[in-house]
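Here is a short briefing on an annotated site and the pocket around it. Take a look at the structure first, and then we can walk through it together.

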Amino acid sequence: MTQPRIAFVGAGNMAASLIGGLRAQGVPADAIRASDPGADKRDAMSREHGIETFAENREAVAGADIVVLAVKPQVMQDVCRALAEHLEARTLVVSIAAGISCASLQRWLGEGRPIVRCMPNTPSLLRQGVSGLFANAQTSEAQRQQAEQLLCAVGLALWLDDEQLIDAVTAVSGSGPAYFFLMIEAMTAAGEALGLPRQTAERLSQHTALGAARMACESEVDAAELRRRVTSPNGTTEAAIKAFQAGGFETLVQQALNAAARRSAELAEQLGR
């Protein structure tokens, strides 16, 4: 496949992460452009990745095969309407903005445009992210592969057949890192209350989370079986698990994710008007 020309509209943290991942994979600097109104961001992007940058979005997208919309959802409509006349008919648009539907993007950019909507998460900044992707009917198989390659530069990319499932992805992985940060925070506080120095409790909690996640990702069995294997009858782990379950742990997690998914749908409706 010929190397596509990629233009990033917006040069914030996620765009920088994607560009860094692409460069690490061997994508040449002259195949990537970026635009941003902030001179400091443009200078940093040029200095770190060797790419050409622009203050004007229309200059960055000229001749691009893929345009990555990496601006805040609140300004997406204005950005898209201003870009519409400057995009070629078959340019693939990849949106990484939360809450902006393909229908809204079509309305602002023009009908018939290939669009891939993505929901990456913040570990993408470390190239350890996971993204849910949805492609509209106008997106070709080759363009799907291009979008997947783009998001795989910062982690795992998983396709969705139904755009409405983006709300579920947001609830599970988009917002998910904060749930684990909360768990680490709570475990650190509990360890400190048990007498550990705070720094020790924090490091124990962080690396326990890291090790458990790696075991779950690399194991051939699911998380439930891994839990059973480390839960000895009448042991310390079983005592803790029973305490979690007595407090309604699983139900609380379900309620939390339902709340996040509902809020994702509400924001999509508000932002897409």
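A word on annotations before we start: UniProt positions are given in the numbering used here, and annotations may be inferred rather than shown by experiment. Please also keep in mind that this is a predicted model. With that said, the unreviewed UniProt entry lists A70, V71, K72 and P73 under "binding site". A70, V71, K72 and P73 are also included in the lining of the second largest pocket.

**The pocket**
- The second largest pocket holds about 590 Å³ of space.
- Its lining is made up of 28 residues, and those nearest the centre are M14, A70, V71, K72 and P73.
- Sorted by class, the lining has 17 nonpolar, eight polar and three charged residues.
- Helix α1 (residues 13-24) gives the largest share of this lining, with three residues.

**V71**
- You will find V71 in the loop between β4 (66-69) and α4 (76-83).
- V71 has a relative accessible area of 18%, under the 20% cut-off, so V71 counts as buried.
- Beyond its neighbours within four places in sequence, V71 is in contact with V9, G10, M76, V79 and A97.

**K72**
- K72 is likewise placed in the loop between β4 and α4.
- Is K72 buried or exposed? K72 is exposed, because its relative accessible area of 62% is over the 50% cut-off.

Key. Residues are numbered from 1 along each chain as its sequence is written. This is a predicted model: local features need pLDDT of at least 70, side-chain atom pairs count only at pLDDT 80 or more; totals for chains, interfaces and linings use all residues. Side-chain values use heavy atoms; hydrogens and water are left out. On a 1 Å grid over the protein atoms alone, a cavity is a set of points where a 1.4 Å probe fits but cannot get out, and a pocket is an open set with protein on both sides within 12 Å along at least five of seven lines; lining residues have an atom within 4 Å of a point. Helices (H or I, at least four residues) and strands (E, at least two) are DSSP runs, numbered from the N terminus. Buried means under 20% relative accessible area, exposed over 50%, partly exposed in between (1.4 Å probe, protein chains only). Contact means heavy atoms within 4.5 Å. Grid points are joined across faces, edges and corners, and a volume is the space filled by probe spheres set on the points. Ala, Val, Leu, Ile, Met, Phe, Trp, Tyr, Cys and Pro count as nonpolar, Asp, Glu, Lys and Arg as charged, and the others, Gly among them, as polar.
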